[in-house]
Amino acid sequence: MYQNVSQSAVILVVIASYVLFAIPLYVMGKKIGTGNAWFAFVPILNTVLMLEIAGKDLWWFLLLLVPCVNIVIMVIVWMGIAEAMDKPDWLGLLMLIPGVNVVLPFYLAFG
């Protein structure tokens, strides 16, 4: 019985985390003027939206599939997103810091 409760709690936390990340991404997509801001709520398509906001080509998605390279590429993408939101591009480096990477998308979207 307790195992089912803990599994349900984990699933709810994962869904809540996903939605909390999708909301600022959706807002950034709307601010930039992409016609596909709803991509923020769909797995894999949210990465396509991030690339579109950052002004990167779609083939960069393939680079995100390469282990270790994906960390560098994601930082570059977040730097592009910060620049697109009229913030300093070095903010993309802050996505490497745990805790800050939860707050930064909200700052870029609503700040």
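Student: Which residue lies over the face of Tyr107, and at what distance from the ring centre?

Tutor: Good place to start! Keep in mind that this is a predicted model. Lys87 is the residue over the face of Tyr107, 5.2 Å from the ring centre.

Student: Where in the chain do Phe21 and Trp78 sit?

Tutor: Phe21 belongs to helix H1 (residues 2–32) and Trp78 to helix H4 (residues 69–84), so the pair links distant parts of the chain, 57 residues apart.

Student: How do I read their accessibility: is Trp78 buried or exposed?

Tutor: Buried means under 20% relative accessible area. Trp78, with 4%, is buried, whereas Phe21, with 27%, is partly exposed.

Student: Which class does the pair of Trp38 and Phe39 fall into?

Tutor: The centres of these rings are 4.6 Å apart and the planes lie at 85°, so this pair is edge-to-face. Trp38 is partly exposed at 48% relative accessibility, while Phe39 is buried at 13%.

Student: Let's look at the helices. How many residues of helix H2 are buried?

Tutor: In H2 (residues 45–54), 8 of the 10 residues are buried, so the helix is largely enclosed by the rest of the structure. Among them are Asn46, Thr47, Val48 and Leu49. Just after H2 comes Gly55, with a positive phi of about 80°.

Student: And what span does H4 reach from its first C-alpha to its last?

Tutor: The 16 residues of H4 reach 23 Å, close to the expected 22 Å at 1.5 Å a residue. Just after H4, Asp86 has a positive phi of about 60°.

Student: One last feature, the surface. Which residues make the nonpolar patch?

Tutor: Ile11, Ile15, Val19, Leu20, Ile23, Phe41 and Phe110 make a nonpolar surface patch of about 630 Å². H1 gives the largest share, with 5 residues, and Ile11 is one of the residues found in that helix.

Definitions and conventions
Residues are numbered from 1 along each chain as its sequence is written. This is a predicted model: local features need pLDDT of at least 70, side-chain atom pairs count only at pLDDT 80 or more; totals for chains, interfaces and linings use all residues. Side-chain values use heavy atoms; hydrogens and water are left out. Helices (H or I, at least four residues) and strands (E, at least two) are DSSP runs, numbered from the N terminus. Buried means under 20% relative accessible area, exposed over 50%, partly exposed in between (1.4 Å probe, protein chains only). Rings of Phe, Tyr and Trp (its six-membered ring) pair if their centres lie within 6.5 Å; planes under 30 degrees apart count as stacked, over 60 as edge-to-face and the rest as tilted. A charge sits over a ring if NZ of Lys or CZ of Arg is within 6 Å of the ring centre and within 35 degrees of the ring normal. Patches are made of residues with over 30% relative accessible area and no salt bridge: like charges are joined within 9 Å, nonpolar side chains (Val, Leu, Ile, Met, Phe, Trp, Tyr) within 5 Å. Accessible areas come from the Shrake-Rupley method with a 1.4 Å probe; for residues, only the protein chains shown count as cover. A salt bridge is a side-chain nitrogen of Lys or Arg within 4 Å of a carboxyl oxygen of Asp or Glu. The expected span of a helix is 1.5 Å times one less than its number of residues.
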